[in-house]
Amino acid sequence: MSRAMKIIVGLLGVVLLLVLAVVAYGVVQVKRPFPTTDGELTIPGLKSEVQVYRDELGVAHIYADNLDDLFFAQGYVHAQDRFWQMEFWRHVGQGRISEMTGAATVDLDKFIRTVGWNRIAADTLAYYEAEQPEYLTVLEAYSAGVNAYIDTNRDKLSLNYTILSTVNEPWEIEPWTPLNTISWGVVMSDDLSGNWSYELRRAKWEKELGTATTATLQPGYPYADRPVIAPTDEQVNELPEANGGSGAVARVDWDRVDFGVRERPLNGFVFGGGPFVGSNNWVVSGEHTDTGMPLLANDPHLSIQMPAIWYEVGLHAPEMDVVGFSFAGVPGVIIGHNQNIAWGVTNVGPDVQDLYIEKINPNNPRQYEFEGEWQDMEVVNEAIKVNGGEDVNLEVLITRHGPIINDVVDGQSDKLAIRWTAQEPSRVLQSVILLNQAQNYDDFREALRYWDIPSQNFVYADVEGNIAYQMPGLIPIRKNGDGLRPVPGWTGEYEWEGWVPYEELPALFNPEQGFIVTANHAVVDAEYPYYIDTYWNEGDRGARITEMIEAAIDKGKITADDFAAIQFDAYSKRAEALLPLLAGLSSNNSQVQAALERLRGWDMQLRRDSVPAALFEIFYMQLVGNVLADDVGAENVDRIFSPVFMRELAKQPEAVWWDDGETAVTETPDDIILQSLADTVAWFEENVGSDMNDWAWGNIHSAVFPSAPLGQSGIGPVEAIVNGGPIPLDGGNGAVNANNWSWDKPAAVDWHPSMRMIVDMSNFDASRSVLPTGQSGHPYHPHYDDMMPLWQNGETHVMRFTRGLVEETAVEHLILKPPAG
């Protein structure tokens, strides 16, 4: 070998060693945060030994001798697997995101501090300290467990922290406190119950389009052909006669109202927001099942993220024996079952926020008018710390109705203040613990008395064979108004006069039909004496689930496999309503004609290998734009569009909405449909290619699971480390398998079934569940995304309950021991 060759070989060897060293360092850094999940650990703060068993998917079952140790260990285990998620969430809950991420998120913190999530959480903590100290004890035990993990792993808590604190300035990892847990409840309440943004949009539409046109474009719930969860004549409660205030629209000079407000993100902060927030659950009585005992299913639809929003866990102690889905950062189980009862939840979405128009004193902009007198505002000064920057000082002005959400208060225009049920101390943690310990229907119903916000549709089953439904929550009784638009705050005519009594909230017990379905559709009918909401989900999912349950019952006894098929069903009722309009149409454009033929032979299932599924979804988007853009402006179409309006329009070929007012001719439905199909073809040719065989739904309808905040940093290598996916998905907007997407980013999934659960009351060990990603929040951990293929394909794993099965199938066993002596 020549000298030159030897030098080259030597250099290559050095380079190889350097590469190996870098790889080895990277592997070490990646694995450092992985927790110890097998063996023994001595943990100060425990009273007795705790056993933690994990199965092949990392699902932890915790066994303790007392509740203090149980919640301590839950906090410890949550921190082991999800500390970064907990760290980010607590900064969100307190409006302190910018302490981690810098100036880019100051506006988010301004919104949170203005609305007062931090102040709301502090008020709730004060309530527990003064009124319910036994539940404060739960929070303190949980916090102690989290802190035990932080204290012994401070230098290796998360790869995400290592990356972000390298790019930004490191921040102090503070001890976990009960306030951090309570703040999470406020985040949940905002994302799942916020409608004040709709009031703003509604007011703008009525100003620009007129009240009548807005009402036409925004029809209420289609009671004639969609189900109601709890019809008034089937409820178990004795209800009063309707005696509500006037729903008349107040006369407002909208030109005086300042619409410049501190906006929340369209898709919320953690759970999501906007028109797609939803979920499915249902329960079927044993009279209709193959086991003779009830079956219960649940799949909440929430914002897509990494790791999953839920954490599966089993909590076992003498006073509590429960398994199901928890939030990292919160003690207890939110959805699941114990040894006697099971429950699942979907979002009600009641109208629990109102915007009040406040007249400001032109001579003193710190005063507002109420019933003819100027009243002083409360002034709160908030300091927002910014990573790598100067503090931002924020002045928050609060009226009798709540904080003013405008950017500037100058006395020259009317401002907007927000009233929200969450401004009352929330007892939801108390409700969770009581629910976990409930042994029968009466206990279940009593536990939900304290579930103040966000209001949820609870379905219930027990080992006695009962099924039930309960809607809890603080629902305001308005003196006047319908909650759809901002109302005058100076007159005193639109105040809240209390809450709907819990005993009069919608409830069912063993209904005659033998099953209960909730999918965010109308909870009550027009006969119910109290106002809950106007704009429920359009009812497609509720109707489809009901149809599938009835069909399964008609064939014989319904099974858990039938439940799983319903959860993964991708049938489009939007297609069912619109495809008949394609009958008899033809086109000289060969691609449009091919699209027509594919759609006519389609089974209306939004499957990822289906070309007509993709064609219809993009066609629907184009059709809505072609129908409405000339009337409302292209920029408003996706916000004002209503699936109920489109379904009704399909029955009205003579409706003026079919005509494009920007052309000289009068268009017919056929014209607009063919134009929309041509636009669909053009969209695919531009975004996918010219071969229609490549236009399968899964080629455009895919999911990336972003890890906040690094997963949306725009830095490709970092996003590749922390994010999951992309994976192609079945389902779509309005389907039971609701993998939803927004029209501004066709067809990237931003909402998904955040877990799936089926509980078998005849044999809890036959129950099933799955997460979209995995149990771990550590990138590259074996359990970071190992459930993803199951979830993607509508499959599940065994939801173990009995200790014998848990121990028999455990692959890891961690013993947490108190210090000797």
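## Terms and model

Helices are DSSP runs of type H or I with at least four residues, and strands are runs of type E with at least two. Both are numbered from the N terminus. The model described here is predicted.

## The whole chain

The protein chain holds 24 helices and 31 strands. Its radius of gyration is 28 Å, close to the 28 Å that the globule rule gives for 821 residues, so the chain is as compact as a globular protein of that length. The C-alpha trace spans about 80 × 75 × 65 Å along its principal axes.

Of the 821 residues, 62% are buried. Take the contacts with a separation of 6 or more: 72% of them join residues 24 or more positions apart.

## Surface and charge

The accessible surface of the chain comes to about 30,600 Å². Carbon and sulfur atoms account for 50% of that surface.

The chain carries 54 positive and 117 negative side chains. The centres of these two sets lie 5 Å apart.

## The loop at Ala-438

Ala-438 sits in the loop between helix H11 (428–437) and helix H12 (441–448). Is Ala-438 buried or exposed? Buried means under 20% relative accessible area. Ala-438 has 1% relative accessibility, so it counts as buried.

Which residues does Ala-438 touch, not counting those up to four places away in sequence? They are Asn-338, Ile-341, Asp-443 and Phe-444. Asn-338 is 100 residues from Ala-438 in sequence. In space, the two are 8.1 Å apart, C-alpha to C-alpha.

## The loop at Thr-421

Thr-421 lies in the loop between strand E17 (415–420) and H11. With a relative accessible area of 1%, Thr-421 is buried.

Neighbours within four places in sequence are left aside here. Thr-421 is then in contact with Val-352, Ile-453, Leu-474, Pro-476, Trp-496 and Trp-499.

## Helix H14

Helix H14 covers residues 560–567. Its buried residues are Ala-560, Phe-563, Ala-564, Ile-566 and Gln-567. They cover an arc of only 160° around the axis, which puts them on the same side of H14.

What do the buried residues of H14 pack against? One partner is a helix, H13 (540–555). The strands are E4 (278–284), E5 (295–303), E28 (756–760) and E29 (768–770).

Notes
Residues numbered from 1 in each chain as written. Predicted model: local features only at pLDDT ≥ 70, side-chain atom pairs only at ≥ 80, totals over all residues. Heavy atoms only, no water. Rg over C-alpha atoms; globule rule 2.2 N^0.38 Å. Buried < 20%, exposed > 50% of the residue type's maximum accessible area, 1.4 Å probe, protein only. Contact = heavy atoms within 4.5 Å. Areas by Shrake-Rupley, 256 points an atom, 1.4 Å probe, with all protein chains shown as cover. Lys, Arg positive; Asp, Glu negative; His and termini not counted. Charge placed at Lys NZ, Arg CZ, Asp CG, Glu CD. Arc of directions from axis to C-beta.
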